[in-house]
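Hi everyone, thanks for coming. I'd like to walk you through one structure today, so please have a look at the screen.

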Amino acid sequence: MNNADTDLRISSANRGTKITLQVDGVPCTAYEGETVHAALLAEGIRVLRIAGKTGEPRGIFCGMGICYECRVTINGVPDQLACMTLATDGMQIETR
């Protein structure tokens with residue numbers, strides 16, 4: 001989850017202002033205009049929660065708010081859709 005080592009963003013793309021999120025207590029870089037989903041994916045974070053019934057890892061699937069597989073806790077509010085939420089500076093995100 002170290003952005004300096006694993007940033008998967010396209011380096012030539014124009015981006016908004018650099019911001020910092022806290023993901024499970026670890027600082028992560030994002031850019032204004034990115035969704036939480038995009039920021040997590042760029043950090044290499046694929047597993048966002050564990051399914052209650054099966055215990056299987058769940059993560060981003062549709063990327064458009066239909067599948068609900070990208071639910072995370074944002075600023076203490078559970079079950080927020082990472083793919084439909086814009087990242088903001090200082091946002092606290094909890095996975096799993």
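Let's start with Asp 7, which sits in the loop that runs between helix 1 (3–6) and strand 1 (18–23). Keep in mind that this is a predicted model.

Next, another loop. Glu 34 is found between strand 2 and helix 2. With a relative accessible area of 11%, Glu 34 falls under the 20% cut-off, so we call Glu 34 buried. Which residues does Glu 34 touch, if we skip those up to four places away in sequence? They are Arg 9, Arg 15, Ala 39, Thr 85, Leu 86 and Ala 87.

Arg 15 comes up again here. It lies over the face of Tyr 31, 5.7 Å from the ring centre.

Finally, the nonpolar core. How many residues does the largest one have? It has 19, and Leu 21, Val 23, Val 36 and Ile 93 make the most contacts inside it. At least two residues of this core come from each of strand 1, strand 2 (26–31), helix 2 (36–42) and strand 5 (71–74).

That's my tour, and I'm happy to take questions!

Definitions and conventions: Residues are numbered from 1 along each chain as its sequence is written. This is a predicted model: local features need pLDDT of at least 70, side-chain atom pairs count only at pLDDT 80 or more; totals for chains, interfaces and linings use all residues. Side-chain values use heavy atoms; hydrogens and water are left out. Helices (H or I, at least four residues) and strands (E, at least two) are DSSP runs, numbered from the N terminus. A charge sits over a ring if NZ of Lys or CZ of Arg is within 6 Å of the ring centre and within 35 degrees of the ring normal. A nonpolar core is a set of buried Ala, Val, Leu, Ile, Met, Phe, Trp, Tyr and Cys residues joined through side-chain atoms within 4.5 Å. Buried means under 20% relative accessible area, exposed over 50%, partly exposed in between (1.4 Å probe, protein chains only). Contact means heavy atoms within 4.5 Å.
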